[in-house]
Amino acid sequence: MNKLRLFFLSRRSWTLPYLIFSIIFVIVPLLLIVVYAFTDDAGRMTLENFRKFLAHPEAVNTFIYSIGIAILTTIGCIVLGYPAAWILSRSNSSYSRTLILLFILPMWVNILIRTLATVALFDFASLPLGEGALIFGMIYNFIPFMIYPIYNTLQKMDPSYVEAAQDLGANSFQVFWKVVFPLSMPGVVSGIMMVFMPTISTFAIAELLTMNNIKLFGTTIQENINNSMWNYGAALSLIMLFLIAATSLFSSDEKSDSEKGGQVW
Amino acid sequence: MVKKVLMQTYLWVLLLLLYAPILIIVIYSFTDAKVLGNWTGFSLKLYRSLCNTGAHHSLMNALINTIAIAFIAATVSTLLGSVAAIGIYNLRARSRKAMGFINTIPILNGDIITGISLFLLFVSLGITQGFTTVVLAHITFCTPYVVLSVLPRLKQMNPNLYEAALDLGATPMQALWKVIIPEIRPGMVSGFLLALTISIDDFAVTVFTIGNQGLETLSTYIYADARKGGLTPELRPLSAVIFVVILVLLIIINRRADKAKNK
């Protein structure tokens, strides 16, 4: 036990380089967004930027619509990706390694080119561009981020848990729902985080897949920054950050629950 | 048996869907139509004009920049992230939670907020934006993915293994290299691959941190192109070539890994 403590003591400091890096490149920049959001061009304190947002129903609607699209995309990725990760984790290892590579391979083609190709695919099948194309394109772009972490946790899972549940008389549905799924929650939560937030802030994809008909919140923010309206853009970013804080609170709750659940056996 | 066939079919249908757009790019790289989706007969013209670098010098430059940025960022992220993951794993519950939270910020933020916040940082510090700022930005959003790939491996590792190594006379450093690193290596590799793909793919963060010194990556090049109305047709054969090269590389890596395992 003593040796273990010593080990903990020495390894703990390994966090330090990353902590310093994060403070400079993550935390300070975020504070800068807050500073810009609450000031005007001249650097005076103001709430004008937020008043402007609430006075524009168009901006508010875009915001709510973007959340809906992101939720649909995340659900789609879980529904389609979980079975894939599960099947992969049960295949023999060299076969599943090849397949997992095949799943990340499409990501090597630039995201904008892939999106333009998706547009071509929809044209080819004479399907209309719009909401359907947008959600398909989003799932297509982000599903590897869902499959990967789930596959990683499932693969490391001790198969004797499943065997024990079977021996104790659980049917295959029960085995999955009561044993496999709860144990894979860390992977699912990682997957949700990796899919939900990137989805909400994408803009180029939405422009291309809907022929500029559907605007997501990300587009609104980017337009403002591009037009040198840094303060208003920062305020919009801050609104998005509030949403992010809410989501991450939810997912960290889920995570600690599942960690507890994972230890009960 | 039927179940097994169904399961494999599901995987391959999903893969087919994922690959359909790429197949379209590859197919249409063999025709010289200006617009993607128009077939004007088989032609190798686009491949020839791609080889003729004089005409598309800026495209080649953008490609080289993209690859250089991705490899530097992914390598640094993998080192920084793996070291951090081992550190985080050994923290007490409360500080581990805090570090875990800091780690997820760049992922949760989304590209745009990361891009805007770093843009504001560089502007406030008066740093001229260019290659270095893009690399720093890419390390910022790649490292969390490495940490997230490595941490589950550490969590699922049997902690007794490390103790056993120490009991059998290994020094902590030896135990690290012989026990912990082999356990987390798959996580490191997947983290590196993820970092590489995200970096190459990135557009939003790059756009905000690339400055106006004329530096271009593939993403910004394509975006500028799409804005002008059309996609440079040479991007089709270029994407096809990149895709095939990576496919071959991954197959080679995979076969070598299998051979090493069989020995």
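## An exposed serine

Ser228(A) counts as exposed because it has 9 C-beta neighbours inside 10 Å.

Ser228(A) sits in the loop between helix H12 (217–226) and helix H13 (230–263) of chain A. Its phi is near 65°, a positive value in a residue other than glycine. Most residues other than glycine have a negative phi.

## About the model

This is a predicted model: local features need pLDDT of at least 70, side-chain atom pairs count only at pLDDT 80 or more, and totals for chains, interfaces and linings use all residues. Residues are numbered from 1 along each chain as its sequence is written, while chains are lettered from A and ligands numbered from 1 in the order in which they are written.

## Where the chains meet

In all, 78 residues of chain A are in contact with 72 residues of chain B. Contact means that the C-beta atoms of two residues, placed from the backbone, lie within 7 Å. On the chain A side, helix H2 (residues 16–37) gives the largest share, 12 residues. That side divides into 52 nonpolar, 19 polar and seven charged residues. Here Ala, Val, Leu, Ile, Met, Phe, Trp, Tyr, Cys and Pro count as nonpolar, Asp, Glu, Lys and Arg as charged, and the others, Gly among them, as polar.

## Chain B

Chain B has 10 helices and zero strands. Both are DSSP runs numbered from the N terminus: helices are H or I, at least four residues, and strands are E, at least two. Of its 263 residues, 42% count as buried.

Note on methods:
A residue is buried if 20 or more other C-beta atoms lie within 10 Å of its own, exposed if 12 or fewer, and partly exposed in between; C-beta atoms are placed from the backbone.
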